[in-house]
Amino acid sequence: MNKKKIALFGGSFDPIHTDHVNIAKTCYEKLGFEEVWFIPAYLNPFKKAQLSSIKDRLAMLRIVEEKYDFIRINQYEISNNRPTSTFETLSYIIKHYPDNDFAFIMGSDQLDTFEQWSNFNQLIKIMPFKVFLRDEKNFNQEIVKKYALETFTFNNNFLSSTDIRQLKNLNKQIPKINEYINFHLLYLPERMGGQMDEARYQHSINVGKMAQKLAVKWGADENKALVAGTLHDIAKCWTREKNLWYLEHYLPFLIEEPFPIWHSFTGMLHLEKDWLIKDQEILQAVFNHTVGSIDMSLLDKIVFCADKISLERDYDEVETMRKLCFEDIEQGFIALVKMQYEQAIKKHGPNSIGLLLTNTYNYFVKGEKD
Ligand SMILES: Nc1ncnc2c1ncn2[C@@H]1O[C@H](COP(=O)(O)OP(=O)(O)O)[C@@H](O)[C@H]1O
């Protein structure tokens, strides 16, 4: 009987990206493997370097598994519930699937530490190792020669999970995985933490939670509220130059608005252009969070209010405002627009608060509808 040829592909897949899939496709389309089994690594809960949950990493792998018949997920390491060496995993798989013929797939970056993998001398004898070149010129040729390893090129986008976590090369990433990451707010410390100080980060988290609560109370989409609320201030700590660059390139007419408001527009642009968030409702809620506009959805109002009544806010009337927002979101919103407007006038004078806030105030508070 001919044994089924299977390629085993281990990694953290945090997240899985296009190049992982392209490697698997090469195995299937060009190297005669009938299946490729992705083996996500377990991450030690006591280890600091731990990243996304197993649930999220598996959900992202499933998106790919559903698309390609030849891709399967093997959960041996995950179900072990402890860090498991490649040697242990491969020994287990060989023993339990005697009707298959296996090879192990690795990226060339792994060559440098290859000899330190546990039980290395036995490991290299139990199955062939196939090396996919991350960089065709720059890889450890000594190890390749020493162990007579086969090397392969593939349709390489030069992606890495680290880069994806840091918002780099997202245009080359699998769109559905981008969407999953954005909707589940994965990699916030990397993606948001680097752009703001600790207090702003905590405020952002609090606004997300408050927006979610308000959405549950008023029947809006709670996930969109959580995402928009959490990300609303993403551009708040940017320099004037960076803000200006985005406005000049995409929305130059808004440069006339006061600088402290710019971050709502540039935050929206950043989320759209760099995070590749496609959801217009989320983008609009971020756009409207500081001064609003005359055309606001329930979600926009919720994020606007959540920003002003989040957990860490402690101005005199905050409790009254919180109560009002949970009793009547429309009245809460009007009261908060009024407060925002009066504070802006006090701080900046009536001639420098910008057209948008004036319009929002006139429309919602004064009731001027034309
Ligand atoms: N662009 C790539 N080219 C070659 N191998 C890759 C590439 N991206 C990932 N790999 C390999 O895929 C396996 C799993 O990678 P993983 O650690 O989950 O992600 P990454 O290396 O992208 O951060 C590793 O063997 C890694 O070397």
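**Stop 1: Ile-302.** Select Ile-302, which lies in helix H16. You are looking at a predicted model. Is Ile-302 buried or exposed? Ile-302 has a relative accessible area of 0%, so it is buried. Now show what surrounds it. Leaving aside neighbours within four places in sequence, Ile-302 is in contact with Ala-211, Leu-214, Ala-215, Trp-218, Ala-220 and Ile-329. Next, pick Asn-243 as well and draw a line between the two C-alpha atoms. Ile-302 and Asn-243 are 59 residues apart in sequence, and their C-alpha atoms lie 25 Å apart in space.

Stop 2: The cut-off for a disulfide is a pair of cysteine sulfur atoms within 2.5 Å. For Cys-325, the nearest cysteine sulfur is that of Cys-305, and Cys-325 is in no disulfide. How many disulfides does the structure hold? The number is zero.

**Stop 3: helix H17.** Colour residues 318-327, which form helix H17. Which residues of H17 are buried? They are Val-318, Met-321, Arg-322 and Cys-325. Turn the view until you look down the axis of H17. The buried residues fall within an arc of 100 degrees, so they line one face of the helix. An α-helix has 3.6 residues a turn, so residues three or four places apart point the same way. Now look at the face of H17 turned away from its buried side. Thr-320, Lys-323 and Glu-327 are exposed there. The buried residues of H17 pack against helix H11 (198-218), helix H16 (298-309) and helix H18 (329-348).

**Stop 4: Asp-279.** Move to the loop between helix H14 (259-273) and helix H15 (280-287). Asp-279 is found in this loop. Its relative accessibility is 16%, so Asp-279 counts as buried. The cut-off for buried is under 20%. What does the side chain of Asp-279 reach? It reaches the backbone nitrogen of Glu-281, at 2.9 Å. This contact sits at the start of H15, and the Asp-279 atom involved is a side-chain oxygen. Not counting residues up to four places away, Asp-279 touches Phe-183 and Lys-224.

**Stop 5: helix H15.** Carry on into H15 itself. Its buried residues are Ile-282, Leu-283, Ala-285, Val-286 and Phe-287. Show what they meet. These buried residues pack against helix H9 (175-183), helix H12 (222-231), H14 and H16. H16 is the helix that holds Ile-302, where you began.

**Stop 6: the sheet.** Now colour the strands. Six strands form an open sheet, in the order S3-S2-S1-S4-S5-S6, with parallel pairing. Which strands are at the edges? They are strand S3 (71-73) and strand S6 (150-152), and each pairs on one side only. Helix H1 (residues 18-29) touches strand S1 (4-11), S2, S3, strand S4 (100-107) and strand S5 (129-132). The direction of H1 makes about 145 degrees with that of S2. Helix H4 (residues 86-96) touches S1, S2, S4 and S5. The direction of H4 makes about 160 degrees with that of S4.

**Stop 7: along the strands.** Select S2, residues 35-40. S2 and S3 pair in the parallel sense over three bridges. Find Val-36, which stands opposite Ile-71 in S3. Then step to S1. Six bridges join S1 to S4, and these strands run parallel. Leu-8 stands opposite Phe-104 in S4. Finish on S4. Seven of its eight residues are buried, so S4 is largely enclosed by the rest of the structure. S4 also pairs with S5 in the parallel sense, over four bridges.

Note on methods
Residues are numbered from 1 along each chain as its sequence is written. This is a predicted model: local features need pLDDT of at least 70, side-chain atom pairs count only at pLDDT 80 or more; totals for chains, interfaces and linings use all residues. Side-chain values use heavy atoms; hydrogens and water are left out. Two strands pair if DSSP finds at least two bridges between them. Helices (H or I, at least four residues) and strands (E, at least two) are DSSP runs, numbered from the N terminus. Contact means heavy atoms within 4.5 Å. Axes are lines fitted to C-alpha atoms, for helices over the stretch in contact, and angles run from 0 to 180 degrees between N-to-C directions. Buried means under 20% relative accessible area, exposed over 50%, partly exposed in between (1.4 Å probe, protein chains only). The arc is that of the directions from the helix axis to the C-beta atoms. A polar contact is a pair of N or O atoms within 3.5 Å; within protein, one must be able to donate a hydrogen and the other to accept it, and residues adjacent in sequence count only if both atoms are side-chain atoms.
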